Amino acid sequence: MAAFRWGVLSTAKIATTKVIPAIRGSEHGQVTAIGSRDGARASEVAEELGIERAYDSYEQVLEDPDIEGVYIPLPNHLHVPWTVRAAEAGKHVLCEKPIGLTTSDAETLLEVADRTGVRIQEAFMVRTHPQWLRARDLVSSGEIGELRAIQGFFSYHNTDADDIRNQADIGGGGMLDIGCYPVTTSRFVLEREPERVCAVVDRDPQTLIDRLGSAILDFSGTTATFTYGTQSFPYQRMTFVGTSARLDVEIPFNAPADRPCRLLLTRDPSPGAEPEVIEVPVCDQYAVAADAFVASIRRDEPPPVPLEDSIANMRVLDALMRSAEKASWQTI
Ligand SMILES: NC(=O)c1ccc[n+]([C@@H]2O[C@H](COP(=O)([O-])OP(=O)(O)OC[C@H]3O[C@@H](n4cnc5c(N)ncnc54)[C@H](OP(=O)(O)O)[C@@H]3O)[C@@H](O)[C@H]2O)c1
């Protein structure tokens, strides 16, 4: 398979620290160009990370005929506008999560994908991580009995006013930044949509971003609950409780690239019983995600994370925020 030539829009932290190094070590891709609002910064990153071409605008990446697809790690409010521009320039797009600010924002991409014929995918790397494929298999094959409850947690502590996450007007806030993960992984494992949801949210009095949220997703017969916090002690865990066993995904979202991930399967009902540890071989989840995206294009196979699925995820996030505003259950 010929190496896929990527362009990157911006010198975002996630790109420079994780995704570009991952693509460089991936099977099917190479980063050929990077563009930034600041040309000097683009050149600096290009030199540091061995990228052939540095541009002083995102447009120039889109105008480069050698670029086959772009990775978009821009602030959330720019995801849809730049995905549209990239698609119209004929580039495939792997865009960071959340794919848009709202469902209707994201829905515009369906028409754009149809019209331009390019692939548009949300960069939800958890959805192709082998630990999540394994977790879903364990649940669907009945290893924990009938799945009754999902409980999730995702938090970090970040009060930096300059961080894009703390700026309400450009799509900041915890639900879009990290609440999206328990939602997508719950839907992924259950392979269906919740019927109704509710949430409570606490906002930072200065920045007005949602800094703490707790949610219930009613999947009819299975309940998923989760809490996220952006000004809380860092912690992450997803737990799946069935009728006969429990499955914990130990590091569900920021899966390490330098050691195996662990799934903890507890079959012994005694309190404090030791789980069976299922190790998932070491991998870089960003490289796996980029390779899966490229392979689906080259082989003309369905995308690993279909756009319709990303829109369904946005629909749940929208309903959760509506529920928090109206203090009532919201149907999906
Ligand atoms: N999948 C994951 O694991 C993961 C992890 C972290 C973040 N993310 C997502 O990746 C995206 C970027 O996150 P990040 O933490 O890497 O952000 P970041 O470091 O703040 O980078 C955002 C970049 O966007 C460009 N930009 C354009 N307009 C901007 C504006 N008005 N304000 C600020 N920056 C602007 C800047 O690049 P130039 O100056 O070079 O143009 C900036 O470096 C977000 O959507 C986030 O949700 C995903």
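**Domains, core and helix packing**

Gln121 sits in strand β6, which covers residues 120–122. In this predicted model, the Gln121 residue is buried, its relative accessible area being 4%. Leaving out residues up to four places away in sequence, Gln121 touches Val93, Leu94, Cys95 and Ile99, along with Phe293, Pro303, Pro304 and Val305.

Zooming out, the protein splits into two domains, each built from two stretches of chain: domain 1 takes 4–124 + 287–295, and domain 2 takes 126–285 + 314–331. Across the boundary, 18 residues of domain 1 are in contact with 17 residues of domain 2.

Then there is the nonpolar core. The largest one counts 99 residues, and those with the most contacts inside it are Ile120, Trp132, Leu217, Phe240 and Leu320. Helix α7 (residues 174–190) supplies the largest share of this core, nine residues. Both domain 1 and domain 2 give residues to the core, so it lies between them.

Phe240, one of the core residues with the most contacts, has quite a list of partners. Setting aside neighbours within four places in sequence, Phe240 is in contact with Trp132, Val139, Ile144, Leu147, Ala149, Ile150 and Val189, and also with Ala245, Arg246, Leu247 and Val249. Trp132 is itself another of the core residues with the most contacts.

Two of those partners, Ala245 and Arg246, turn up again around Thr266. Thr266 belongs to strand β13 (residues 261–266) and is buried, with a relative accessible area of 8%. Once neighbours within four places in sequence are left aside, the contacts of Thr266 are Ala245, Arg246, Ala273 and Pro275.

Finally, a helix pair. Helix α5 (residues 103–116) packs against helix α9 (residues 307–326) at an angle of about 170°, and their axes are 9 Å apart. With angles over 145 degrees counting as roughly antiparallel, α5 and α9 are therefore roughly antiparallel to each other. Their crossing is left-handed. On the α5 side, the contact is made by Thr103, Ala106, Glu107, Leu109, Leu110 and Ala113. On the α9 side, the residues involved are Leu307, Glu308, Ile311, Met314, Arg315 and Asp318.

Methods. Residues numbered from 1 in each chain as written. Predicted model: local features only at pLDDT ≥ 70, side-chain atom pairs only at ≥ 80, totals over all residues. Heavy atoms only, no water. Core = buried A, V, L, I, M, F, W, Y, C linked by side-chain atoms within 4.5 Å. Buried < 20%, exposed > 50% of the residue type's maximum accessible area, 1.4 Å probe, protein only. Helix = DSSP H or I, 4+ residues; strand = E, 2+ residues; numbered from the N terminus. Domains from an automatic or database assignment. Contact = heavy atoms within 4.5 Å. Axes fitted to C-alpha atoms, helices over the stretch in contact; angles between N-to-C directions. Parallel < 35°, antiparallel > 145°, perpendicular 65-115°, else oblique. Left-handed = near helix turned anticlockwise from the far one by under 90°.
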